[in-house]
Amino acid sequence: MAGSGLLTRLLSVGSILLLWAAIASLFPPTLLPGPLVVGQRLGALVVEGEFWVHLRATITRVLAGFVIAFVVSVAAGILMGSRRRAEALFEPYVLVGLTIPGLCWAVLAVMWFGITEAAPVFAIFVVVLPMLTLNMWQGTKSLDRDLVEMAHVFRAPRGVLLRDVVLPQLLPFCLAAGRFGFALGWKVVVLSEMFGLSSGVGYMINRAFSAYSMDDVLAWTAGFTLVMFAVEYAVFLPIERRLVHWRPVVTL
């Protein structure tokens, strides 16, 4: 079954590359270079070391903003899902955060903090936080109330209730929120780097755009995408399979 899933994913990626090559053949290379040309350019960036320098800067910013937002969202989501007053108090904040586009936050962050590391971290935090909070909020409201009531009947301490009853049920929601929030953080940090920083993948994409180098724009974009694939399949999926292997597979 695992081998079949891997083969399916490889065929899917192969179909994307074939589609890209077919579409690129209809346009001049300066407008849309094919995957072979972009791959060669990406390989050169990797060998020269420039790719790793800017990728490290981007990953550091994403991790900082994402971790802060994740910790706050877990606490806020559980509080909103378990207390009606907290739900009424924080719901407008979540809705406002969901409404304002990430582009606006990226611009505001650069205007407020200037060309500093605080700008992208803040932008990631404020964009990712409401979406993760919404996920944890709805996950808390879907908890098995019978288990919670049973814990109360046996007079379980609050810490035990959270550790042994609440958090195990919220674990799938935490993992889903983590995958979605991390991917969203990548998009936001690129915007922030394009607007006001002098390092990172977003900065290099903007630099390639200014030089109208389509090869470099797509090479940095492809490298960015490959890193996201690596994080998804080498980090998030193994963690999910290990921690929530008890969930049954539903076939419709």
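Q: What share of the contacts in the protein with a separation of 6 or more comes from residues 24 or more positions apart?
A: A contact means heavy atoms within 4.5 Å. Residues 24 or more positions apart make up 74% of the contacts in the protein with a separation of 6 or more. This is a predicted model, in which local features need pLDDT of at least 70 and side-chain atom pairs count only at pLDDT 80 or more, while totals for chains, interfaces and linings use all residues. Residues are numbered from 1 along each chain as its sequence is written, and side-chain values use heavy atoms, with hydrogens and water left out.

Q: How many helices and strands does the secondary structure come to?
A: Helices (H or I, at least four residues) and strands (E, at least two) are DSSP runs, numbered from the N terminus. The protein has 10 helices and 0 strands, giving the pattern α-α-α-α-α-α-α-α-α-α along the sequence. Its C-alpha trace spans about 70 × 50 × 30 Å along the principal axes.

Q: What percentage of the residues of the protein count as buried?
A: Buried means under 20% relative accessible area, exposed over 50%, and partly exposed in between (1.4 Å probe, protein chains only). Of the 252 residues of the protein, 36% count as buried.

Q: How do the axes of H3 and H9 cross?
A: Axes are lines fitted to C-alpha atoms, for helices over the stretch in contact, and angles run from 0 to 180 degrees between N-to-C directions. Under 35 degrees counts as roughly parallel, over 145 as roughly antiparallel, 65 to 115 as roughly perpendicular, and the rest as oblique. The axes of H3 (residues 50–82) and H9 (residues 201–210) come within 7 Å and cross at roughly 125°, so H3 and H9 are oblique to each other. From H3 the contact uses Glu50, His54, Leu55 and Thr58, and from H9 it uses Val201, Tyr203, Met204 and Arg207. By class, this contact has 4 nonpolar, 2 polar and 2 charged residues (Ala, Val, Leu, Ile, Met, Phe, Trp, Tyr, Cys and Pro are nonpolar, Asp, Glu, Lys and Arg charged, the others, Gly among them, polar).

Q: How do the axes of H2 and H10 cross?
A: The axes of H2 (residues 35–48) and H10 come within 8 Å and cross at roughly 75°, which makes H2 roughly perpendicular to H10. Among the residues that meet here are Val37, Arg41 and Leu45 in H2, and Asp215, Trp220 and Leu226 in H10. The contact of H2 with H10 has 9 nonpolar, 1 polar and 3 charged residues.

Q: Where does H4 bend?
A: The bend at a residue is the angle between axes fitted to the seven residues ending there and the seven starting there. H4 bends by about 40° at Phe90, and Pro92 follows within four residues.

Q: Which residues of H4 are buried?
A: They are Ala86, Glu87, Val94 and Gly97, and they pack against H3, H5 (102–113) and H6 (118–141). Glu87 has a relative accessible area of 13% and touches Met80, Trp137 and Lys141, leaving aside residues up to four places away in sequence. Leu95, also in H4, is partly exposed at 45%.

Q: Which residue has a positive phi although it is not a glycine?
A: Tyr212 does, at about 50°. Tyr212 sits in the loop between H9 and H10 (214–243) and counts as exposed, at 57% relative accessibility.
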